[in-house]
Amino acid sequence: MPAYAVIGGQWGDEGKGKIIDYLARDASVVARYSGGNNAGHTVINDAGTFKLHLVPSGICWPHITNIIGNGVVIDPDVLLGEIRELNLDPDRLVVSDRAHLIMPYHIKLDLLEEERRGSAAIGTTGRGVGPAYLDKVNRSGLRAGELLDPENLALRLPDIVKFKNEVLTKIYGADPVDVDDIFEAASRWASDLAPYIKPAEYFVADALESGQNIILEGAQGALLDLDHGSYPYVTSSNPTVGGALSGLGIGPRAFGGVAGVFKAYTTRVGAGPFPTELDDEIGEKIRTIGKEFGTTTGRPRRCGWFDGVAGRYSAKVNGFDALIITKLDILDGFDTVKVCVAYEIDGKRTENFPIDSALLSRSKPIYEELPGWSGSTAGITRPEDVPANAMSYIRFIEDLLGVKASIISSGPRREETVVLDDIIPR
Ligand code: IMP
């Protein structure tokens, strides 16, 4: 069974880019299924350092076909920037004709809506992702394939822009956007992106039918999922496994495995409840050593201990059958490390992740404290080099989540990886 999903198990930024680059050696296709350029996937290998926002993380392997699926929302200028920077030929990248476009008015609306929310702001990345998905659901979005049909665009765009300008000027008191500027941009996008825009479902189906391995690339993380995450402090798509089916157009029988990527601790960017957050010198230490600053926005990430309640929930809603633990080396040298095993909410203990954000903000973590490890795990590649206490920490997380760990990442480079079990059989 050849489709392997690689999904963020926390609030994003788990290091999926590095892992997908590593696993892509044994695949033929890497297909991204959700989110937009709110994501930032970093890939570091012999060819250099690549900070990818839309292009899938298989791009450094010449044998890989990279697919941007229909579930992704695309800012055409950002995509074209990445295509140019990476010098990508159309045989290396397929962009689904059904993927929705992030238009200039979406970016404006994202920023204006955040301002309007005031103290209730979500802390979005300001890339127009939410408003683009809103239009998709409202059936007023524009899809990549429509760029190739100027007559259709000429019919639809003026009415869409007219309505957006009503909202911009009358609701937000902002300046309108210029329809002619948007037409001009759209014709530029059409000519530059045309060779890449294709019915991506057929590429995915052909690869699956011919038995090739496909990696389904998640963006963000399960706890930012529109349905399963800490609503309303979530993104506007489904990073969980269901999003991979709808965001690429594949069936469940195609799955060979679903791997959950977890940092050895927890981080979150933007607003919203975070029970294990450390607002102290330990949190600061993790942020500094872990270089926890956003790839997309540069914002400092909030840091805390590993949250086993959230992790177990994430494992359940995704059906994880393998764990990938990243950034273990950041915890090297701590005397003790803590793992949250339950929450106390209003005096009652629970092992379940609450639905309500208010309840989640009242959740107090109940910790188990484990001994730290003195040896360095930075850059190790062999299971026997994992210090005994570090392995006990991993085993503790496995037991808590009910899923075996298959890979430990010991640094940002491709080769800084310890394989306990092959995720993709060779
Ligand atoms: P949006 O996706 O830009 O609308 O932002 C919604 C929430 O998701 C905010 O809290 C963002 O910080 C968060 N978010 C979106 N993309 C990422 C990501 O790639 N990593 C971490 N957080 C993200």
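How many cavities of 30 Å³ or more does the count come to? The count comes to two. The model is predicted. A ligand lies between domain 1 and domain 2, because both give residues to the shell around it.

**Ligand site**

- The shell around the ligand holds 15 residues. Those that come nearest are Asp 13, Asn 38, Thr 125, Thr 235 and Arg 299.
- By class, the shell has six nonpolar residues, seven polar ones and two charged ones.
- Domain 1 spans 3–73 + 200–419, and domain 2 spans 100–193. Each gives residues to the shell, so the ligand lies between the two.
- Asp 13 faces a nitrogen atom of the ligand: a polar side-chain atom of Asp 13 lies 3.0 Å from that nitrogen.
- A polar backbone atom of Gly 123 is 3.3 Å from an oxygen atom of the ligand. For Val 269, a polar backbone atom is 3.1 Å from an oxygen atom of the ligand.

**Largest cavity**

- The largest cavity has a volume of about 60 Å³.
- Its lining includes Tyr 22, Leu 23, Arg 25 and Asp 26. Ile 407 and Val 419 also line this cavity. Further lining residues are Asp 421, Asp 422, Ile 423, Ile 424 and Arg 426.
- The lining of the largest cavity divides into six nonpolar and five charged residues, with no polar ones.

**Second largest cavity**

- The second largest cavity holds about 30 Å³ of space.
- Among the residues that line the second largest cavity are Gly 9, Gln 10, Leu 223, Phe 262 and Thr 266. Phe 306, Asp 307, Ala 310 and Gly 311 line it as well.
- Two elements give two or more residues to this lining: β14 (306–307) and α10 (308–318).
- By class, the lining of the second largest cavity has four nonpolar, four polar and one charged residues.

**Arg 302 contacts**

- Arg 302 sits in strand β13 (residues 302–304).
- The side chain of Arg 302 makes a polar contact with the side chain of Glu 277, at 2.9 Å.
- A polar atom of the Arg 302 side chain also lies 2.8 Å from the backbone oxygen of Gly 272.

**Backbone geometry**

- Which form does the peptide bond from Tyr 231 to Pro 232 take, cis or trans? The bond is cis, with omega near 5°.
- Pro 232 is in the loop between β10 (214–217) and α8 (241–248).
- Arg 139 is not a glycine, yet has a positive phi of about 60°.
- Arg 139 is placed in the loop between α4 (129–137) and α5 (150–171).

Note on methods: Residues numbered from 1 in each chain as written. Predicted model: local features only at pLDDT ≥ 70, side-chain atom pairs only at ≥ 80, totals over all residues. Heavy atoms only, no water. Near = heavy atom within 4 Å. Polar contact = N/O pair within 3.5 Å; in protein donor to acceptor, adjacent residues only side chain to side chain. Nonpolar A, V, L, I, M, F, W, Y, C, P; charged D, E, K, R; others polar. Domains from an automatic or database assignment. 1 Å grid on protein atoms, 1.4 Å probe; cavity = no way out; pocket = protein on both sides within 12 Å on 5 of 7 lines; lining within 4 Å. Points joined across faces, edges and corners; volume = space filled by probe spheres on them. Helix = DSSP H or I, 4+ residues; strand = E, 2+ residues; numbered from the N terminus.
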